[in-house]
Amino acid sequence: MKNGRGFGKETPPIFILSFGIMEKKPIIELVNISKSFPGVQALKDVSLSFYPGEIHALIGENGAGKTTLIKIMGSVYKKDSGQIYINGEECEIKDVIHAQRIGISVIHQELSLIPDLSVMENLCLGKEPRLGRSGFIDKSTMRKIARNIMKPLGLNINPDAYIRNLKTADRQMVEIARAVSRNATLVIMDEPTSSLSSREITTLFDTIRMLKKNNVSVIYVSHILSEVLTLADKITVMRDGCVVRTLDACDADENILVKSMVGREIKDYFSKKEKEIGDVILEVRNLTREPLFSDISFNLRKGEILGISGLVGAGRTEIVRSIFGSDKFESGEIILWGKKVNIQSPHKAIGLGLGFLPEDRKLEGLILEASVRHNISLPSIKSTARIGFVNNKWEIDICKEYTNKLKIHTPSNNTISKYLSGGNQQKIVVAKWFAAFSKILLLDEPTKGIDVNAKSEMYSLMNNYTKDGGSIIMVSSELPELLGIADRIVVIRQGKVSGILERKEATEEKIMMLASTLKNT
């Protein structure tokens, strides 16, 4: 690792001679790695090898242990037992800085950029260029360095822009740029495309293939199996903290991978059944919040799942946030059950029977340090209190009811929420709105970052909810998901409604045409 092998440099593959056959030597080898958290055995004797110039995908349900494993390689977590070998020599990775120094760069789901620093300050963090003996930071040189880092990735982001002011997709690309600029020999990516547009995904894949050509090892974690099959050389399937199988991508298909991940075939994936759709219960009229969206009009009917589609940055998230009162809109009106309402805050929305599952569940949907029980009961604590005191019996009973109904896998209802898998965390957010008897759910990317089995369960929950008379507005970037679950689809283009499609007429081609046609003149 002392030779500085990495991005943009010629790196000869490492070979050993064994019985006359040339074999690649693993760049990193994991032997019997185990890790547990309070009440959860996250990894059990995991052994894996990763080779130079190879794209190795890790897949599995949420809670399978993928993220825990890569956090151990990046020294975010310490292993309980087992050994790690770097280029054949046992190595104790002391901390994140040490991991980076020996060539391991990790891009986590939770981006590690500093929001109050600029793009160039984040890209040059810890290696800022200085002005001679003065010691002052040379911002002009820093700006050039940042542009040179981003140029090979096709990024045209202002180096002076603050991270907090960037779109999620741009933040993701800056994180990737920073990782590949560190001359890493091993780059680990955890769900890197979760916030990227199709164009940005293409750029990312080109970058990953460039890394492969430079003999860098890439570990790619994703729930999107089509991505894995397109990109990976080798695929490892994990389940319940163990390695189930490792196979060449050319020998795999989605059915093989799904069956390996969940231990069974998932039938009736979208669980879509005929149901009765009633009268209009919510109308949005000419909703405007410049420059994000303008003149947005649509309606929602009882028992309906209304999908909202559009490209990244079209204004989908901003629309549902404004309906819920999280953000203010400038003009327009919302009609709820035939009456105009003034939703000034989420508190007001909750009182009117609305619930909201935000895109970033960890930042806005959950209190990660609170228990499952407290998260589920939170929106209803005030309305169920007795003489100003929390109704503990109700809280315990309602939590038990919905952890059972939604099949939330937790050692205890008092388990701290951050220790659960992403799919189970997502279910907790849904459970709290069920417990609050919400009549309308606003779901922003409800299956983002969760595995195929958890997705199937989420679709079933949504269908059962609407069958019982509830209504859903769902923002999704996955076209097969919208086509499989939605009764109607509103397509947003550049902050305006470009079309509304009935379920029977909707196709991927029609949605993309409405979402991407050039701006009207």
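Reply: Two strands count as paired if DSSP finds at least two bridges between them, and the helices (H or I, at least four residues) and strands (E, at least two) are DSSP runs, numbered from the N terminus. This is a predicted model, so local features need pLDDT of at least 70 and side-chain atom pairs count only at pLDDT 80 or more, while totals for chains, interfaces and linings use all residues. Residues are numbered from 1 along each chain as its sequence is written, and side-chain values use heavy atoms, with hydrogens and water left out.

Let us start with the sheet itself. Four strands make an open sheet in the order β14-β13-β16-β17, and their pairing is antiparallel. The edges are taken by β14 (293-301) and β17 (339-341); each has a single partner strand, so one side of each is left without a neighbour in the sheet. On average, neighbouring strands here are turned by 20 degrees against each other, direction ignored. For that angle, axes are lines fitted to C-alpha atoms (for helices over the stretch in contact), and angles run from 0 to 180 degrees between N-to-C directions.

Now zoom in on one pair. Strand β13 (residues 280-289) runs antiparallel to β14 and is joined to it by six bridges. The two form a hairpin, with three residues between them. Across this pair, Arg289 stands opposite Phe293 in β14, and Leu287 has Ile296 of β14 as its bridge partner.

Helix α9 (residues 316-324) lies across β13, β14 and β16 (331-336), and it runs at about 65 degrees to β14. Eight of the nine residues of α9 are buried, so the term needs its cut-offs: buried means under 20% relative accessible area, exposed over 50%, and partly exposed in between, with a 1.4 Å probe and protein chains only. Its buried residues are Arg316, Thr317, Ile319, Val320, Arg321, Ser322, Ile323 and Phe324.

Leaving aside neighbours within four places in sequence, Phe298 is in contact (heavy atoms within 4.5 Å) with Leu282, Glu283, Val284, Leu306, Ile308, Ile319, Ile323, Ile473, Val490 and Ile500. Phe298 also stands among the residues with the most contacts inside the largest nonpolar core, along with Ile323, Leu354, Met462 and Ile473; that core has 67 residues. Its largest share, seven residues, comes from α15. Apart from it lies another core, of 52 residues, including Ile55, Ile163, Val187 and Leu211. A nonpolar core here is a set of buried Ala, Val, Leu, Ile, Met, Phe, Trp, Tyr and Cys residues joined through side-chain atoms within 4.5 Å.

Helix α15 (residues 422-435) also carries Gln426, a residue buried at a relative accessible area of 1%. Setting aside neighbours within four places in sequence, Gln426 is in contact with Leu357, Arg361, Glu445, Pro446, Thr447, Lys448, Ile450 and Met458.

Side chains of opposite charge can pair when their charged atoms come close. A salt bridge here is a side-chain nitrogen of Lys or Arg within 4 Å of a carboxyl oxygen of Asp or Glu, and the structure holds 22 of them. One network of salt bridges links Glu283, Arg285, Glu333 and Lys340.

Glu395 pairs with Arg373, their closest N and O atoms being 3.2 Å apart. Glu395 lies in helix α14 (residues 392-405) and Arg373 in helix α12 (residues 372-377), so the pair ties together parts that are 22 residues apart in sequence. Both Glu395 and Arg373 are buried. Lys234 forms a salt bridge with Glu54, and there the closest N and O atoms are 3.6 Å apart. This pair links distant parts of the chain, 180 residues apart: Lys234 is in strand β11 (residues 234-239), and Glu54 in the loop between β4 (40-50) and β5 (55-60). Glu54 is buried, with a relative accessible area of 11%.
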